[in-house]
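Q: Hi! Could you walk me through this structure before I set anything up?

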Amino acid sequence: MTGVTLRAEPVRPGARVLGFGGHQPAKVVTNHDFAAVMDTSDEWIRSRVGIVERRLAGPDETITDLAVQAGGKALAASGLAPSDVDLVIVATCSAETPMPSHAPAVAHRLGIEAPGAYDLNSACSGFCYALAAADAAVRTGSARNVLVVGAEKMSQWIDQTDRSTAIIFADGAGAAVVGPSETPGIGPVVWGSDGSAPERIAIADRTSFIRQDGQAVFRWATTAIAPVALAAVERAGLVPDDLATIVPHQANLRIIDAIARRIKATNAVVADDITRSGNTSGASIPLALAHMIERGDVPSGAPALLVGFGAGLSYAAQVIQIP
Ligand code: UT7
């Protein structure tokens, strides 16, 4: 039959983040711990990557465990009950198994009954992609409130004897609850990808570990990502000096500094969570923000620029209002 008109939900004026939460495993691994077992040094890691220590999950600690802890804290911060949430998105690139996805189990363990639930893999930019999906779901009426989690157990895909990756990647989770708002609290996402050289950061097959062409990714991140971030600021109707904070993916302190220098946001606190958390891929942005909010580094209502980039290659940026 032709000519039917489908009904759509009325579009809401905006969505915003209502609360953040972060969680890390208890086990701290310092640079000195690595230097004791491989040819590296605290000085090399601090000066080339910026990491001082990171957290690694134990053998029985799963991505779902990490996501449930972070998700529970974000829910508590939002003031909502589990029954208020009807969509759960877990951004992860380090899944223990290809199926089922983690989101249904995360929801179940948090007491969120029968939500839409799916995992999303866009590696280190995954949280920004998931936040854009949550924003759209709330504004178009597909969901009332959304739990978005970035959760990674990178350590299970790392050769712990490979000094070029073992010292970098770490485990953790960060989460946000997104709900409706009278005015937009999540700006337009600027995203994209370049699939011409997927091997630059990859796990080649199911018996392999993460390998990356560090220098090539470094060059790309320090040249291609600042313009994406600046476009996200412009699309949100702001200028860099309006930003209270910049939260780039926590890949390398030198990359973070290079991106921040090009954005020239004179009033912004730049996230440096990598120093204590390492590179937690899709978890790094919400984990950094949760830590900054806990410490009182960023005022409620202030604009924060989120910038994800990584394997794919893929990238995404948007401005949000701090809850
Ligand atoms: O999160 C996903 C996105 N990923 C990224 O954004 C990663 C981007 N790339 C980077 O952050 C950096 O390229 C790395 C941190 C991965 C590497 O730093 P680099 O300054 O680019 O070092 P390099 O790979 O050029 O290696 C320089 C030297 C090499 O030795 P030779 O060949 O000069 O003798 C490496 O073998 O440093 C050596 N090296 C190390 N030395 C001590 C590599 N890893 C280590 C180590 N300790 N852990």
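What follows is a chat about the domains, their interface and some local backbone and side-chain details.

A: Happy to! Keep in mind that this is a predicted model.

Q: Thanks. Which domains does the assignment give?

A: The domain assignment of the protein has domain 1 at 14-181 and domain 2 at 190-321.

Q: How far apart are the C-alpha centres of domain 1 and domain 2?

A: Those centres are 15 Å apart.

Q: What about charges: how many salt bridges cross the interface of domain 1 and domain 2?

A: The rule finds two there.

Q: While we're on salt bridges, what does R211 pair with?

A: R211 makes a salt bridge with D162, and their closest N and O atoms are 2.6 Å apart. For polar contacts, the count between domain 1 and domain 2 is 19 residue pairs, taking both residues at pLDDT 80 or more.

Q: Changing topic: which peptide bonds are cis?

A: Two to look at are M99 to P100, with omega near 0°, and G312 to L313, with omega near -5°. P100 sits in the loop between strand 4 (87-91) and helix 4 (103-109). L313 is in the loop between strand 13 (303-310) and strand 14 (314-321).

Q: Why flag those for a second look?

A: Because most peptide bonds are trans.

Q: OK, and what is the phi of A114 and of A123?

A: A114 has a positive phi of about 50° without being a glycine, and A123 also has a positive phi of about 50° without being a glycine. Most residues other than glycine have a negative phi.

Q: Where is A114, and is it buried or exposed?

A: A114 is in the loop between helix 4 and strand 5 (116-120). Its relative accessibility is 80%, so A114 counts as exposed.

Q: And A123, buried or exposed?

A: A123 counts as buried because its relative accessibility is 8%. Its place is the loop between strand 5 and helix 5.

Q: Now S78. What does its side chain reach?

A: A polar atom of the S78 side chain lies 2.7 Å from the backbone oxygen of L75, and the side chain also reaches the backbone nitrogen of L80 at 3.1 Å. S78 belongs to helix 3 (residues 63-78).

Q: Why is S78 classed as buried?

A: Because its relative accessible area is 15%, and the cut-off for buried is under 20%. Beyond its neighbours within four places in sequence, S78 contacts L18, G19 and V177.

Q: Last one: what is T40 in contact with?

A: Setting aside neighbours within four places in sequence, T40 contacts F34, A35, I45 and I167. T40 is in the loop between helix 1 (31-35) and helix 2, and its relative accessibility is 18%, so T40 counts as buried.

Conventions. Residues are numbered from 1 along each chain as its sequence is written. This is a predicted model: local features need pLDDT of at least 70, side-chain atom pairs count only at pLDDT 80 or more; totals for chains, interfaces and linings use all residues. Side-chain values use heavy atoms; hydrogens and water are left out. Domain bounds come from an automatic or database domain assignment. A salt bridge is a side-chain nitrogen of Lys or Arg within 4 Å of a carboxyl oxygen of Asp or Glu. A polar contact is a pair of N or O atoms within 3.5 Å; within protein, one must be able to donate a hydrogen and the other to accept it, and residues adjacent in sequence count only if both atoms are side-chain atoms. Helices (H or I, at least four residues) and strands (E, at least two) are DSSP runs, numbered from the N terminus. Buried means under 20% relative accessible area, exposed over 50%, partly exposed in between (1.4 Å probe, protein chains only). Contact means heavy atoms within 4.5 Å.
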